[in-house]
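Subject: Two-chain model, handover and findings

Hello,

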Amino acid sequence: MKLTRRTFLGACAVLAVARPRPAFPAKALRVGMTPAFLHTQHGLLAEWRAYMEARLRRPVEIVQRDSYRETMDLLRQEQLDFSWICTYPYVFLKRQLRLVAVPLYQSQPYYRAYLIVSAKNPQIKDLSQLRGKVFAYADPYSCTGHLYPRYQLRKMGEDPAKFFAKTFFTYSHHKLIEAVADGLAQGGSVDSYVWDSLQALKPEITRRTLLVSKSPEFGFPPIVARRSLPEADFSAVQTMLVMMRRDPQGSELLQRLNLNGFIHGRPNLYDGVAEMMRAFGEG
Amino acid sequence: MTPRPMRFLLNLSFRYKVPLWGSLLIVGTAAIISSTLLLGSYQELKSDLLRDATTQGRTMTASLFPAMLHDQVWRAYEIIRAPFGRESGEHPVQAESFVVLDQRGQVYVSTTPEAIPMLADFRQLSPDYAALATAIAQPGHDTKVLEPDGSEHLFVTTPIREEQAHLGTLVQIYSKKVLHSRFQKSAEQAALTAVLVIVLLLPLGWYWGQRTAVPLVRLTERMEELGRRLPDNLAPELYDYQDELGRLYHAYNRTLQELRGKAEIERQMIHSERLAAIGKLTAGIAHEINNPLLGMLTAVNTLRHHGELNPRTLKTLTLLERGLIQIKDTVGALLVEAKVRSRDLSPQDMEDVRTLIEPQARARGVSLRWDSQLSAPLPLPSTAVRQVLINLLLNAVQASAPGGEVAVTIGTRSGSDTSLALVVVNGGEILTDMQTAHLFEPFANEDERGRGLGLWVCYQIVRQLGGNIAVQSDLRDGAGRTAFEVTLPLGAAQ
């Protein structure tokens with residue numbers, strides 16, 4: 001089911017009735033979420049929001065959009081206070097954003113791009129064999145799902161626009177895995193965090209795909225804040241995130257998010273991505 | 001000519017034919033009804049499928065249009081994939097595949113990307129699809145149902161268009177196998193029901209067949225006997241209904257009754273004709289004998305009185321005369337003449353007969369029960385009637401065992417013709433069939449007691465007076481009962 005803002009707010013209202021909230025004086029914090037993570041785990045998202053509200057002692061509003069582009073627009077228009085965004089949009093909007101925290105995935109602040117093919121095509125061993133095939137991208141602003149495979153082709157001396165017979169966007173890593181598993185696309189590049197998490201949750205889907213190659217590490221998609229945000233809000237949220245793994249409720253949520261925790265992180269973690277973007281004349 | 005096996009079937013007894021035809025009718029009816037229902041359900045299934053498919057196609061193409069317009073392959077895939085349950089269970093009729101073709105006939109996206117991959121030329125994938133592509137290429141605005149000859153698939157095609165913009169075509173592919181397997185399921189159910197109906201109805205049919213056939217078979221057996229002898233009646237409980245067969249039974253039994261009556265009359269006629277012939281012969285002979293006899297007696301008499309005869313001749317003459325007189329008596333007895341003039345019968349005549357017979361009855365130890373209801377003279381020759389009554393009584397007394405009883409009833413009967421009725425009953429041994437058959441013939445019952453002319457005389461008299469004599473001899477409650485009944489119409493003799 002596609003989550004719209006309305007159904008999401010509806011779910012929040014139900015939650016509000018179920019568990020009476022303390023009356024918070026301050027205005028709500030608006031937190032953006034991108035489809036890379038949690039996009040279908042509405043229950044988990046609602047619990048995380050309740051956790052944040054309890055820790056921050058103020059209302060939190062979650063804003064979900066179907067594409068990275070829409071979240072990026074909201075950030076640019078300063079309609080969001082915080083957001084969990086992909087690496088590529090972060091580097092792209094670096095000047096307008098402050099890095100709040102970086103998640104720890106498998107105890108590292110890194111993730112990779114996985115090149116996957118359909119399990120019915122075991123003869124395909126690397127990207128070059130996908131010439132003239134149908135290839136699935138995740139989102140135009142996805143680092144692992146769009147930028148990295150194109151960068152690789154560029155390095156191979158190929159024109160990413162002509163190498164494949166056809167490409168299309170699924171706007172979600174989860175759906176990209178499905179597209180490859182169903183054989184709609186012969187190959188795709190996917191977020192390692194999503195593929196690994198899905199393999200733990202729904203192995204029947206990932207079993208129909210083959211992991212062909214792994215990219216080098218990139219900085220994990222960070223939590224960012226708009227530059228204009230008051231310092232108090234910024235540090236409150238940053239502390240709340242970093243301290244999450246210290247309390248039982250927070251570590252339970254982290255476990256369900258398949259993360260180890262959040263660290264402060266530094267912007268140079270994302271230099272590798274910036275370099276790839278420069279190859280395409282961006283950033 | 002009817003072929004041999006058919007002939008054999010048609011020659012079968014009704015006992016088998018009726019239930020057999022009945023069974024055939026039941027089986028045939030069950031088969032026809034089942035197949036009609038099945039055909040109907042197949043057509044319904046198909047039209048349901050096509051209606052659903054058409055509606056679904058129109059709905060999908062409406063949302064496919066913007067997806068194709070913005071080249072959102074994944075969106076298009078999600079749209080066409082939606083009707084297929086993810087954990088594909090029992091959908092009424094699951095489509096085999098949905099395919100979106102672009103304007104050039106290339107596969108834009110399909111729900112079975114491994115068999116019908118993106119970008120493939122649809123025409124090249126299978127001969128079915130080639131035929132289909134040609135049909136799609138023809139301009140049209142609405143959904144089409146295509147069923148290429150010899151194909152195992154049904155296709156529903158819907159153009160993806162808005163206003164003047166035509167982006168491609170949605171093709172819904174249904175396997176006829178799904179229809180067939182669904183049809184097979186219904187067919188199996190129908191067959192099962194039919195078998196159940198047959199199992200229930202066949203014994204009933206067989207039973208009714210037997211109910212009709214068995215009486216017919218019995219009737220036929222009886223009718224076939226008719227030529228040889230008169231068969232028995234059919235037991236009415238064998239078929240106690242008022243339909244044609246029941247009426248046939250009644251008619252048969254009635255016919256049989258009439259035939260029996262006719263046979264009895266024939267027997268009686270033969271009997272009386274024989275008696276009449278004997279009577280005629282006897283009378284003729286008696287007349288022929290009487291004439292010379294009278295002459296001879298006269299001659300002997302004359303010789304006795306006028307001649308000088310020695311004792312030896314006289315003795316011879318006496319011997320001759322006695323012999324001739326015995327012949328005359330015998331002939332006289334044979335020559336019954338009832339219509340000699342005589343006075344009318346009076347009640348006293350009956351009393352005279354009683355007085356005459358009583359000593360003889362007493363001598364044999366037989367009691368006489370007398371019941372005469374005559375109160376006035378009747379116009380009948382008294383001599384003849386007395387003769388008949390005396391003969392019958394003498395016979396009855398002699399037939400009775402000592403201690404027995406002879407009952408006499410005398411009265412008049414009024415009917416179309418008033419008649420005198422004499423009934424003489426004795427309780428002696430009953431008559432044998434042989435005796436009954438020749439009862440009224442002269443010398444038929446000759447024994448030590450007499451020459452057996454008594455009944456012959458009775459018969460002759462009664463016939464000459466236009467009456468009737470009948471005998472009934474049978475066992476009643478272990479005792480014999482033989483009754484002679486004489487009826488004489490009044491006035492017939494005068």
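B:Leu119 is partly exposed, because 14 other C-beta atoms lie within 10 Å. The cut-offs: buried takes 20 or more other C-beta atoms within 10 Å of the residue's own, exposed takes 12 or fewer, and partly exposed is in between, with C-beta atoms placed from the backbone. B:Leu119 sits in the loop between strand S2 (107-110) and helix H4 (122-125) of chain B. Its phi is positive, about 75 degrees, although B:Leu119 is not a glycine.

A:Glu78, a residue other than glycine, has a positive phi near 60 degrees. Its place is the loop between helix H3 (68-76) and S3 of chain A. A:Glu78 counts as partly exposed because it has 13 C-beta neighbours inside 10 Å.

Conventions. This is a predicted model, in which local features need pLDDT of at least 70 and side-chain atom pairs count only at pLDDT 80 or more, while totals for chains, interfaces and linings use all residues. Residues are numbered from 1 along each chain as its sequence is written, chains are lettered from A, and ligands are numbered from 1, in the order in which they are written. Helices (H or I, at least four residues) and strands (E, at least two) are DSSP runs, numbered from the N terminus.

Confidence. pLDDT is the predictor's confidence in each residue, from 0 to 100. Chain A averages 87, and 88% of the residues score at least 70. Residues 8-20 of chain A are below 50. Residues 1-6 of chain A stay under 50 too. Where pLDDT is low, the predicted coordinates should not be read in detail.

The sheet in chain A. Six strands form an open sheet with mixed pairing, in the order S2-S1-S3-S12-S4-S13. Two strands pair if DSSP finds at least two bridges between them. The edges are S2 (60-64) and S13 (261-263) of chain A, each pairing on one side only. The twist averages 25 degrees from one strand to the next. Strands S3 (residues 82-84) and S12 (residues 223-226) of chain A pair in the antiparallel sense over three bridges. A:Ser83 has A:Val224 in S12(A) as its bridge partner. Helix H10 (residues 231-243) of chain A packs on the sheet and touches S1, S3, S4 (97-104), S12 and S13 of chain A.

Helix packing in chain B. Helices H2 (residues 14-69) and H3 (residues 73-81) of chain B pack at about 170 degrees, with their axes 9 Å apart. Axes are lines fitted to C-alpha atoms, for helices over the stretch in contact, and angles run from 0 to 180 degrees between N-to-C directions. That makes H2(B) roughly antiparallel to H3(B) (under 35 degrees is roughly parallel, over 145 roughly antiparallel, 65 to 115 roughly perpendicular, the rest oblique). Residues meeting there include B:Met60 and B:Leu64 in H2(B), and B:Ile79 and B:Ile80 in H3(B).

The interface. Which residues meet across the chains? 12 residues of chain A are in contact with eight residues of chain B (contact: C-beta atoms, placed from the backbone, within 7 Å). Strand S8 (166-169) and helix H7 (173-182) of chain A each give two or more residues to the side of chain A that touches chain B.

Regards

How values were computed. Contact = placed C-beta atoms within 7 Å.
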